[in-house]
Amino acid sequence: LLCCWDGGYVRPYLERIWAHIDREKVQHLPMYSMSTETVETLPDFRESDVAFLPTAPGVLYEFLPIDADERPELLLCPEDLRVGQQYSMVVSDPWGLVRYHTEDVFSVARRVGGLPDLRFQRRLGLAFSFTGEKLTGDHARLAIRRVIEQRDDLSSIPWLVLVPASEPRPHYKLVMASDATILGGSQVGALLDIALSEINSEYADKRRSGRLGPPESIALGFEEALRVVGRQRPGRRWETQFKFLPMVTSTWENLMAARED
């Protein structure tokens, strides 16, 4: 068995592990119950493989179609969700959450016991645009993955994250959160530029017109990156709740200003 979380930013590393493991001989056992400010799903083992169901005790689950406005009359209960569709989760619980929109997007893989088997896909609102390029978290994740495929030495870095920067010309920085020495930073920026251009045609157009500058790579110590880019409070254990997102929507200048404060 390979027991490991398979969502979000772990996925690129997990795929690199699979390159050295015979999938016919090793079964993947997803090791997580989705949770954020409240428990989002619990694992269910009644079927041949694990399902993730919105069944935590004391939690009321409601869902919004991802293109719907945040209006109470549009909320759906779990039994209303359709297989193959995507929804964002809204939760209420006895501990203070009242119709809290988690902004976590799930796809419905199947139905188990009348309930949707949920698979985490992405976060809503994780997007940034200086001049119409409309980069999303998915774009950032795919681009970073392509960079890692070409720079194997980056695969051991705990966190790679895209940060928009306004000066001296709008561009994006790839922050590499690591205490190790990273060589060839200019090459990393060039690889990222190619990847983003292939993934997002609007980004490519803005790069050709000069409205966006070339991306840059910057190395920060791991703890410093958590504090500056991840906005972790000093002394807080980051392992408990921290999400290694592929992109942040605060500009580098705003992060630096907050760092000084």
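This is a predicted model: local features need pLDDT of at least 70, side-chain atom pairs count only at pLDDT 80 or more; totals for chains, interfaces and linings use all residues.
Residues are numbered from 1 along each chain as its sequence is written, and side-chain values use heavy atoms, with hydrogens and water left out. Local features need pLDDT of at least 70 and side-chain atom pairs count only at pLDDT 80 or more, while totals for chains, interfaces and linings use all residues. Helices (H or I, at least four residues) and strands (E, at least two) are DSSP runs, numbered from the N terminus.

**The sheet**

- Strands of a sheet pair through backbone hydrogen bonds, either parallel or antiparallel.
- Here four strands form an open, antiparallel sheet in the order β5-β6-β7-β8; two strands count as paired if DSSP finds at least two bridges between them.
- Its edge strands, β5 (60-65) and β8 (115-123), each pair on one side only.
- On average, neighbouring strands of this sheet are turned by 45° against each other, direction ignored; the axes are lines fitted to C-alpha atoms, and angles run from 0 to 180 degrees between N-to-C directions.
- Five bridges join strand β6 (residues 86-92) to strand β7 (residues 100-112) in the antiparallel sense.
- Valine 90 stands opposite histidine 101 in β7.

**Aromatic pairs**

- The structure holds four aromatic pairs: rings of Phe, Tyr and Trp (its six-membered ring) pair if their centres lie within 6.5 Å, and planes under 30 degrees apart count as stacked, over 60 as edge-to-face and the rest as tilted.
- One of them is the edge-to-face pair of phenylalanine 106 and phenylalanine 120, at 6.0 Å centre to centre with 75° between the planes.
- Phenylalanine 106 is in strand β7 and phenylalanine 120 is in strand β8, 14 residues apart.
- Phenylalanine 106 is buried (under 20% relative accessible area; exposed is over 50%, partly exposed in between, with a 1.4 Å probe and protein chains only), because its relative accessible area is 1%.
- Phenylalanine 130 and tyrosine 172 form another edge-to-face pair, 5.6 Å centre to centre and 65° between the planes.
- At 25% relative accessibility phenylalanine 130 is partly exposed, whereas tyrosine 172, at 1%, is buried.

**Two helix residues**

- Aspartate 193 is found in helix α3 (residues 185-199) and counts as buried at 14% relative accessibility.
- Histidine 139 is in helix α2 (residues 137-150) and counts as buried at 19% relative accessibility.
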